[in-house]
Amino acid sequence: MRRHRRATDISAFSVDTPSPYRIADLLRLIDERMGSLEHQEAISTHRRLRGRIDARLRDSRYDFMFGADAAEVDLADVLARLFRLPVDGKPLAIVELSGLPSEVLSVIVSVTARTAFDFAIRGDGRVPITLICEEAHNYIPADSSLGFQPARRAIAKIAKEGRKYGVCIGVVTQRPSELDPTILSQCNTVISMRLSNELDQQLVRSAVSDAAAGLMRFLPSLASGEAIAFGDGVPLPMRLTFRRLPANLTPGGAVTPFSQGWAADSETVDYAREIVERWRKNEPTDRAAATPQPTQRPLSRRRSTETPAPPGAAARRPEPPRDPSRGGWGRKET
């Protein structure tokens, strides 16, 4: 009985308490408030707020928040699925955000990052977590006027304080110059593939030591699959080549065959109708679902959760570089 009283004690709740509530209860409170108001201006404000909530409830893109299944979600089950408890041979959790409205993208990224941080603190670091942010320039931009302040603060907190609690961050982007400099400054290891933009090259050069400055001249001429790595994760700055996956393990849509598609010219108006129907239903095409799933053992036993990944994104482990004493690049374990 004592446990029940503590769980329902309103005074123990704060803005950060993970306590779910029904949207119907919120609408009821708004209606009660409107009934007690006398000024038309105040009533109009509440009516507009209720109208916006009703519009979100009717939008199918928000079913994951307001749908019937959302009311039955248990927080412990969500955490176990998100952080892979137990791992059971699947150490990665991919959070697909490409089909969500931009109004909630920042909120979901922020909540995911805060959840990982709070989980690590209260879990005493027993479950190490790596949060990989794919296409990170979309939600932690350098320009603060673009918004996304909650996501920037949550990710920056992990970057600055998370390592001592067993949670770390990894950011992936094609435009490092567009990322928040505070978060970039906390990246101890940098793996840079080909960069043609001068601003991006200057940013990478500023992070490397003078001893490895000579490697930076290769940045605009790296081949596909090649990268330059430096920082705490490698014993010395090096140029390496990523292992190429077999065709049956390559994610669908990773490389669109433009020339083949243009030459085939096989689609008809029925294809356009199919797209329009899917568009109206807000149903994105999961091209990765058509890709055969690998049957090999997982690459790592480390638990991790990956955040915003576009369709077709997949985790890849780079090929270990070779011992420099043997000449060339690419085989020494690091």
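The structure holds 11 salt bridges (side-chain nitrogen of Lys or Arg within 4 Å of a carboxyl oxygen of Asp or Glu). It's a predicted model, so local features need pLDDT of at least 70 and side-chain atom pairs pLDDT 80 or more, while totals for chains, interfaces and linings use all residues. Residues are numbered from 1 along each chain as its sequence is written, and side-chain values use heavy atoms, with hydrogens and water left out.

**View 1. Glu274 pairs up with Arg278.** Their side chains form a salt bridge at 2.6 Å, N to O. The two sit four residues apart in helix H11 (residues 269-280), so about one helical turn separates them (helices are DSSP runs of H or I, at least four residues, and strands are runs of E, at least two, numbered from the N terminus). Glu274 is partly exposed because its relative accessibility is 42% (buried is under 20% relative accessible area, exposed over 50%, partly exposed in between; 1.4 Å probe, protein chains only).

View 2. Arg50 is partly exposed, at 23% relative accessible area.

**View 3. His137 reaches Thr173.** A 2.7 Å polar contact links their side chains (N or O atoms within 3.5 Å; within protein, one able to donate a hydrogen and the other to accept it, and sequence-adjacent residues count only if both atoms are side-chain atoms). With 19% relative accessibility, His137 counts as buried. His137 lies in the loop between strand S2 (129-133) and helix H7 (149-161).
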